[in-house]
Amino acid sequence: MPSTDPLVSIIICVYNAGPYLRPAVKSVLDQTYRNLDVIIVDDGSTDGCVGTISDLLLDGRVRLFSQANATKPVALNRAIERVRGEYYAIQDADDVSQPTRIEKQVEAMEGNRQLAAVFCGNELIIDRRHLAPTFATKSQDECRRDIEAFRMPAHDPTGMFRMSAVGQLRFKPELKVAETFDYILRIGERHPMIVVGESLYSYRILRSSLTRRDPSWRQAFVVDALSQACARRGLDYAKVFPLGPDNRRRSRNSVLDNNIASYFINSVLDQRSIGARSGALLTGLDCARMHPLDLHYYKALVYALAPAALLARLRPDVRRDGQFVGTNARLESS
């Protein structure tokens with residue numbers, strides 16, 4: 001890459017990431033885009049994970065900062081204060097970025113100077129298996145409609161942000177979960193954003209996640225973020241969300257795993273949009289296997305098998321010409 005390429009800061013906040021930190025950091029350093037400023041904030045880890053990247057810290061592009069445990073939003077804010085790049089991207093400490101992620105997001109940013117954020121599609125990593133890719137392109141208008149409907153356009157750690165547009169914004173320390181959901185809603189209310197139509201990020205789901213062990217704890221922060229968003233827009237939260245954040249009744253399993261079945265459905269729709277019926281079928285089966293006795297987890301399989309005409313009736317986001325529009329489910333980071 002020529003030296004005239006804009007500098008991109010990549011923020012990695014770490015708290016007890018165990019064996020996953022090294023592949024996360026390495027995936028950033030191995031990007032095809034080389035003009036990087038990697039900011040790692042160790043938020044009081046006690047498992048020795050930072051020691052596993054001691055050799056990677058010798059890369060001149062990496063800066064490490066350590067602090068007593070103060071929660072992720074505090075660590076994110078500390079990192080933002082140290083950003084040197086024209087753009088900054090988030091990388092969760094247990095996830096993996098595909099090699100061309102930063103290159104393709106910078107290309108999108110440089111192609112439209114009005115954009116404040118560029119996201120991308122992602123896949124899941126569950127028990128070492130790579131599953132359920134999503135890769136639907138979203139335009140500025142589609143992203144704006146998502147924000148208006150209190151949805152993130154894509155999974156939050158896939159975001160790249162333009163510092164000149166968002167540099168003054170900070171994550172809210174009181175939101176120990178849903179901090180990036182709130183952050184992206186606030187950006188989307190002010191600025192345009194898009195989603196690059198490729199799966200460029202691998203999001204690891206750990207069964208030991210605190211937010212899955214205690215969904216009521218997570219839910220309280222989501223309600224707080226949505227209540228603040230309603231207040232900014234002059235809306236009454238109780239009227240907008242009469243049944244809670246999802247405005248619908250969900251099975252216990254769906255509550256515990258943060259409605260991951262909805263993500264699998266979107267992956268099925270994305271794969272069917274390019275004619276990948278076998279991939280869609282495998283994704284539907286993977287979802288059903290998660291909870292074989294819960295009918296909610298069979299919906300992705302139904303969408304994988306349904307004729308196009310039936311899907312058009314089942315899903316309002318299916319185009320009339322039979323092509324399917326995938327919309328990323330919201331998966332709050334843990």
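By how much of a helical turn are Arg144 and Glu148 separated in helix H4? In this predicted model, the two residues lie 4 positions apart within H4 (residues 140-148), and therefore about one helical turn separates them. Their side chains meet in a salt bridge, with an N to O distance of 3.3 Å. Arg144 is partly exposed, its relative accessible area being 38%. Glu148 is likewise assigned as partly exposed, at 48%.

Salt bridges were examined across the structure, which holds 20 of them. Side chains of opposite charge can pair when their charged atoms come close. One of these pairs joins Lys26 to Asp30 through their side chains, at 2.9 Å from N to O. Lys26 has a relative accessibility of 37% and therefore counts as partly exposed. Asp30, with a relative accessible area of 42%, is also partly exposed. A further salt bridge is formed between Arg63 and Asp37, whose closest N and O atoms are 2.9 Å apart. Arg63 belongs to strand S3 (residues 62-67) and Asp37 to strand S2 (residues 36-43), so this pair ties together parts that are 26 residues apart in sequence. Arg63 and Asp37 are both buried, whereas Lys26 is partly exposed. Salt bridges also link a set of residues into a network, which comprises Lys172, Asp182, Arg186, Glu189, Arg232 and Arg233.

The surroundings of strand S6 were considered next. All 10 of the 10 residues in S6 (residues 117-126) are buried, so the strand is largely enclosed by the rest of the structure. Burial here denotes a relative accessible area under 20%. S6 pairs with strand S9 (residues 193-204) in the parallel sense, through 9 bridges. Within this pairing, Gly121 has Ser199 of S9 as its bridge partner. With strand S8 (residues 160-162), S6 pairs in the antiparallel sense over 2 bridges, and Met160 of S8 is the bridge partner of Val118. An antiparallel arrangement is also found between S6 and strand S7 (residues 129-131), which are joined by 3 bridges. In this case Ile126 is partnered by Arg129 of S7. S6 and S7 together form a hairpin with 2 residues between the strands. In the turn of this hairpin, Asp127 adopts a positive phi of about 50 degrees.

In soluble globular proteins, nonpolar side chains tend to be buried together. The largest nonpolar core of the model contains 54 residues, and those with the most contacts inside it are Val8, Ile12, Leu21, Ile102 and Phe264. Helix H11 (residues 260-273) supplies the largest share of this core, namely 7 residues. When residues up to four places away in sequence are not counted, Leu21 touches Ile12, Val14, Cys49, Val50, Ile53 and Ala93.

Note on methods:
Residues are numbered from 1 along each chain as its sequence is written. This is a predicted model: local features need pLDDT of at least 70, side-chain atom pairs count only at pLDDT 80 or more; totals for chains, interfaces and linings use all residues. Side-chain values use heavy atoms; hydrogens and water are left out. A nonpolar core is a set of buried Ala, Val, Leu, Ile, Met, Phe, Trp, Tyr and Cys residues joined through side-chain atoms within 4.5 Å. Buried means under 20% relative accessible area, exposed over 50%, partly exposed in between (1.4 Å probe, protein chains only). Contact means heavy atoms within 4.5 Å. Two strands pair if DSSP finds at least two bridges between them. A salt bridge is a side-chain nitrogen of Lys or Arg within 4 Å of a carboxyl oxygen of Asp or Glu.
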